[in-house]
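Have the chain open as you read.

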Amino acid sequence: MERIRPEALTIGTDAVGALIQYCQSKRYTRLLIVADRNTYAALGHRVHQVLDAESFDTRLVYFDHPEVVADAHHILDILIAANNEDRIFLAVGSGTITDLVRFSSHRSGVPFISLPTAPSVDGFTSIGAPTIVRGIKKTLVSQPPVAIFADLDTLRRAPRRLMAAGFGDMMGKFTSAADFKLGHLLWNEPFDSEIAERTRESAQTCVDNLESIATASEEGMRILFDALVESGYCMLDFGESRPASGAEHHISHFAEMKLLQGGKPAVLHGAKVGAATIRVAQLYDQVKSLSQAQVAQLMEVAEPPNPDVEKLAIRDAYGELAEPLLKGQLPYIEIDHKVYEDIQKRIIDNWADIQAIAAQVPSAADVTRWLQAVGGAIQAKDLGISEADFEEAYNNGHYLRERFTIRKMMHLFFKGAV
């Protein structure tokens, strides 16, 4: 699939005016607006009114319920409303609305335009649409928007918890970029050093401008949104979410799945990611504290995973959703003994490089302090999740994706040893 960046990107105080000019220049006269009750009030109503005043042919998909989820039911609602007509989709919202429209427009064979209402996620420019499919969180390949029009006044008025979620999502880039490198070093996973560094730098930019972001200044919101867009570009350029989605996202995805299965609100994605990043940063803190000699001693007592025990753990954690996941986990849980020993040796021989990767991850204490500064979630109770449920997500999230992360490394090669 050809990966094309948006041909128009506006982050300013007249984003709606820029949208009108863009649509007129492209002769996009038939539009399908998708919004929920919150995003329609924040921006959608104004966009709808202006489009109608300019004689555009508009149709509205309005989700009038408090908890909109990126799942098959909401996708079907959009596809029914689209009615296979030649209409450009307008996603008025942030993560969930954008993912629903990203997938629906792609499968309808038409472009979509993004109108963010909060700087809460990094997926605006991504080709992936994280979606709940039969209870499992999957990232479905879709398409990026052809244009993004971000209204700074709308972003600044967004509830603080949404801004904090966007900042939390960006903190996860420190650990995801590290996992990206670690997976390549130890498991020969695909990698791009330039993209890894761009991902890490996008997170660092947010830390460097912490005060401006925390006060929701115009410049702070521009910086945060730019960083979120850049993270999305990293995924777009690499062709998948790997650079910006590591162990912290797997914990978040598991927690979301359990919440939805229990009939509870999913909680903001970035809020879960931020809190999970603290736990993953703690693992990298452990890496920083161990010498090569200590690691060699730990490898002597570590044992390969017991496949039967691992399979039971997956089935206990995922229930009826377990079987589709098991196949992808077999390379880890049925690892050949010689391969296991080879990777143990690789860990020991490359410990200096592993520590260099860990050194680029801020300490868990720093991540906690930065999240607190913006009003972000730092622990289970801040998310409305029990400690037991969050611990379950930490213990089982790594089974969700076929990726080698710091959580995978500690589970497979240090379990019972540290």
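The report below covers the model, the fold and the nonpolar cores.

## About the model

This is a predicted model, in which local features need pLDDT of at least 70, side-chain atom pairs count only at pLDDT 80 or more, and totals for chains, interfaces and linings use all residues. Residues are numbered from 1 along each chain as its sequence is written, and side-chain values use heavy atoms, leaving out hydrogens and water.

## Overall build

The protein has 20 helices and 8 strands; these are DSSP runs numbered from the N terminus (helices: H or I, at least four residues; strands: E, at least two). Along its principal axes, the C-alpha trace spans about 75 × 45 × 40 Å.

Of the 418 residues, 59% count as buried, where buried means under 20% relative accessible area with a 1.4 Å probe, protein chains only. Take contacts (heavy atoms within 4.5 Å) between residues at least 6 apart in sequence: 79% of them join residues at least 24 apart.

## Inside the protein

A nonpolar core is a set of buried Ala, Val, Leu, Ile, Met, Phe, Trp, Tyr and Cys residues joined through side-chain atoms within 4.5 Å. The largest one holds 97 residues, and among those touching the most other members are Tyr-318, Ile-406, Met-409 and Phe-413. Helix α6 (residues 160-187) gives this core its largest share, 10 residues. A second, separate core of 24 residues includes Val-16 and Tyr-28.

Helix α20 (residues 406-413) is mostly covered, with 8 of its 8 residues buried. Leaving aside residues up to four places away in sequence, Tyr-318 touches Phe-254, Met-257, Leu-325, Asn-396, Gly-397, Tyr-399 and Leu-400.

Definitions and conventions
Buried < 20%, exposed > 50% of the residue type's maximum accessible area, 1.4 Å probe, protein only.
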